[in-house]
Amino acid sequence: MTRKKILLSLVLFILAVTLSACTLPWQKKTAPIDEVKVDETGSATSTGLGVVTGTNKLKKFNNYDELAEFLAANNNPTSLAMRDAVGVSTGGAGGIVKAGLVAESSAVSAPAADNAARPNNSLDYSQTNNQVVGVDEADIIKTDGRYIYALVKNELSVISTSPAAETKVVSKITFKSRPQEIFINGNYLAVFGSDDQIYNTEVYQSFRRQNNYTFFKVFDLTDPANPRQVRDLDFEGSYHDARLVGDYVYFITDTYNNYIAGEPLIPRVLDSGLAMPSKCEGVLKCFAPEVFYFDIPYDSYNFTNIAAINIKNNGEAVSGQSYLLNYGQNLYVSQDNIYITYTQYINEYDLEQVVKRELVYDKLNTEDQDKIVKIEGTPAFILNVQEKKSKVAQYIDRYLNSLSSAAQDSMIAEIDTVLAAKIAEKAKDMEKTIIHKIGISGNQITYQAMGEVSGQALNQFSMDESGGYFRIATTRSQYSSRLTESSTDSYSSVYVLDSNLQTVGRLENLATTERIYAARFIGNRVYLVTFRQTDPLYVISLNDPAKPTVLGAVKVPGFSNYLHPADKDGTRMIGLGRETEENSNGSVFVKGLRLSLFDFSDLAKPKELDSYVISGSGNDSIALYDHKAFLYSAEKNLLVIPASLRDSNNRLTFGGSMVFNIKDNAFVLQGKIDHSSGGSFSMPDYWDGYNYYDNTAKRSLYINDALFTFSNKFLKVNKLSDLGEVKTLELTAGGDDYIITPTKVTGDGSSSSSGFVNGASPATGITSTTEPSSAVSSPGVATSTPSNPPATGAALVPPSQVN
């Protein structure tokens with residue numbers, strides 16, 4: 001290697017350090033751990049240049065003093081910048097209110113509801129499309145068989161559905177911050193979302209650490225016409241996910257570690273607007289979670305918080321634990337355990353620096369060796385890992401530059417040889433999934449184990465727990481190195497881990513050059529959809545945990561994004577995805593939506609029984625990305641998916657729900673339920689990472705013999721037998737501008753307008769609120785100009801329609 005090459009290497013290193021604040025997947029950083037005081041199960045070691053190899057063991061801080069020392073030494077300098085980057089404002093829409101304050105709910109004028117205990121098990125109704133039996137997933141709409149609880153922007157409507165022909169709103173709760181999701185458990189309703197009202201409050205502005213906050217409110221619905229708030233919590237951090245198991249909501253938030261001396265060490269929890277103390281002596285309410293740390297390399301030290309909240313007993317204290325780890329990407333929850341996973345990458349450049357240090361160090365003079373030892377031993381509060389790397393690299397490259405050209409070439413050749421061997425040795429670790437297992441039982445949260453597997457998991461359906469084993473399907477991405485002429489192909493794998501998250505079985509190198517697009521575990525089988533040009537659907541046996549085995553596969557054009565069992569044992573499987581076509585150049589084009597019905601009665605020869613293609617590349621369905629939008633009942637022979645259909649000019653022709661049944665192993669379109677008035681656009685709405693319209697159908701459910709389909713605009717009721725219209729309930733009233741108006745229900749169930757509430761003017765984009773005569777909140781008048789953040793997936797609103 002010439003001097004120019006060494007100088008180029010140094011420039012590239014400086015550039016890498018400069019970009020180190022960016023969270024790019026190929027720039028995995030390690031983190032110093034030499035300030036950790038507590039090590040219950042293991043310790044970490046340094047391999048030089050600040051590269052830390054951990055023991056993957058759990059550490060717990062014995063007290064908050066030790067946590068303070070650790071945070072002070074390993075503070076994230078970009079936390080405030082990250083807070084600004086994610087759009088946290090010091091203002092916020094709506095009136096200025098006390099932290100956590102929400103107006104007490106009051107009834108709209110309507111007869112008192114039946115106070116019989118709910119849910120009524122004699123009723124026949126669908127639940128949220130949950131992955132795991134007994135583990136309820138939060139959603140925007142829920143039913144207990146007699147009432148529907150539906151979120152539309154800042155309003156939650158309590159809707160009586162008995163009888164279906166008299167479906168009506170009996171009460172509304174209007175929130176100043178938009179709720180994200182809800183749970184219903186007997187007579188109790190939990191509502192939660194990002195608290196964008198807290199930033200202007202006196203209590204918030206008294207905090208020097210100003211992070212995001214997430215509200216969590218519980219309402220007593222003993223009388224559905226008169227909801228009564230019984231709990232008002234605010235958690236410092238951003239909402240990650242939640243599950244309801246029994247009476248407990250396991251509420252997961254992520255909090256930036258923005259350490260400020262004198263501020264509370266753990267993320268705050270506010271109860272009715274007051275911060276709960278972390279010292280529990282002599283107080284009735286406190287929040288003092290144990291804090292854990294894992295001896296592994298980190299991007300940054302941030303809090304993942306799990307709180308257990310009993311929503312039926314609001315006098316019970318909130319319990320929880322906090323973990324310092326990388327932000328979780330995927331979450332799987334069984335009735336007994338929470339599994340949090342994230343993908344960890346090894347940077348080839350970092351490996352190269354380790355190799356150079358190993359080979360060059362012994363050749364340095366004693367003075368430079370001593371300096372490197374001192375640099376690497378410097379406490380993290382003086383030099384962070386990247387600064388140590390930069391300083392050590394200066395001595396390494398200075399030595400290399402001092403060599404003759406021939407000696408440089410020889411040295412660099414040796415470095416490349418050792419580096420190539422190290423890359424080959426760590427091939428499976430260049431991209432791997434870290435798994436944390438956390439036990440849950442009532443208000444008890446207990447960390448159980450940590451494990452890792454090669455590749456990255458697609459989503460929650462790539463994971464499963466059964467018989468004490470944790471099973472996971474991953475894809476190892478294509479990998480390129482400067483030392484090889486060609487890239488290594490992607491491939492997929494299935495791993496089986498025991499209760500301690502030790503790998504006991506594996507099936508690797510499946511479907512090379514392809515990626516997993518959908519996964520589903522049913523009993524002792526896993527079904528995997530991989531795709532590059534066609535859709536191979538594999539069925540894999542897990543009967544022997546030590547030896548996962550491919551039983552068969554079927555290939556069809558296109559791919560499935562979501563798999564759903566058509567029967568309880570997985571003999572038939574429904575796939576929802578895309579129809580594709582390959583041209584003469586080998587490029588693949590999306591042609592439309594595709595429903596597939598697969599038969600696995602002969603596991604060695606699975607086949608596609610039928611497909612239903614909705615042609616048109618612009619056609620879309622929320623259910624492709626959100627399984628809770630998919631409704632299927634084998635007992636009722638009912639399949640409902642939301643769909644947005646467009647013509648060849650990308651003009652919307654239909655927005656609503658498509659209803660199918662399966663007859664003689666074939667899909668039959670029973671009909672369509674239109675929410676778009678024949679393809680008319682309405683106001684766009686950004687929700688849960690996607691851009692939609694108010695009249696985009698999002699969910700469907702059934703109660704007895706009635707089908708309910710839901711959008712921001714409508715709750716439509718149709719007969720299951722023939723889809724005959726029963727009732728249309730307008731949830732977002734108004735004309736073409738779709739301004740939301742409050743509803744005053746009269747004795748005959750009709751409605752009338754009484755002013756503007758939470759409406760958006762299409763001309764100005766200004767949100768206006770005034771006090772309705774019977775609304776549950778009095779937000780006052782406020783204005784803000786909403787932004788349109790980019791969608792994280794395929795948007796249902798064309799870009800031209802968003803702005």
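1. Salt bridges come first: there are 35 of them in the structure, a salt bridge being a side-chain nitrogen of Lys or Arg within 4 Å of a carboxyl oxygen of Asp or Glu. Please keep in mind that this is a predicted model, in which local features need pLDDT of at least 70 and side-chain atom pairs count only at pLDDT 80 or more, while totals for chains, interfaces and linings use all residues. Residues are numbered from 1 along each chain as its sequence is written, and side-chain values use heavy atoms, with hydrogens and water left out.

2. Helices (H or I, at least four residues) and strands (E, at least two) are DSSP runs, numbered from the N terminus. Lys60 is partly exposed at 22% relative accessible area, and Glu290 is partly exposed at 37%; buried means under 20%, exposed over 50%, and partly exposed in between (1.4 Å probe, protein chains only).

3. Next, Lys636 and Asp124 form a salt bridge at 2.8 Å, N to O. Lys636 sits in the loop between strand 36 (631-633) and strand 37 (638-646), and Asp124 in the loop between helix 3 (79-85) and strand 4 (136-137), so this pair ties together parts 512 residues apart in sequence. Lys636 is partly exposed, at 29%, and Asp124 is partly exposed, at 31%.

4. Arg594 and Glu608 also pair up, with their closest N and O atoms 2.9 Å apart. Here Arg594 belongs to strand 34 (residues 588-599) and Glu608 to strand 35 (residues 607-615), so the bridge joins parts 14 residues apart in sequence. Arg594 is buried, at 6%, whereas Glu608 is partly exposed, at 24%. Separately, a network of salt bridges links Asp139, Asp626 and Arg699.

5. On to helix packing. Helix 5 (residues 348-360) and helix 8 (residues 405-425) pack at an angle of about 125°, their axes 9 Å apart; axes are lines fitted to C-alpha atoms, for helices over the stretch in contact, and angles run from 0 to 180 degrees between N-to-C directions. The two helices are therefore oblique to each other, given that under 35 degrees counts as roughly parallel, over 145 as roughly antiparallel, 65 to 115 as roughly perpendicular and the rest as oblique. Residues that meet across this packing include Leu351 and Val355 in helix 5, and Met411 and Ile415 in helix 8.

6. Ser644, in strand 37, is worth a glance too. Ser644 is buried, with a relative accessible area of 5%. Beyond neighbours within four places in sequence, Ser644 is in contact (heavy atoms within 4.5 Å) with Gly618, Asn619, Asp620, Leu652, Phe654 and Thr696.

7. Finally, some backbone details. Most residues other than glycine have a negative phi, and most peptide bonds are trans. The Ser162 to Pro163 peptide bond is cis, with omega near -5°, and Pro163 lies in the loop between strand 7 (155-160) and strand 8 (168-174). Ala511 has a positive phi, near 55°; Ala511 is in the loop between strand 27 (503-510) and strand 28 (515-522) and is buried, at 11% relative accessible area. Leu723 has a positive phi near 65°, lies in the loop between strand 44 (714-719) and strand 45 (725-730), and counts as buried at 12%.
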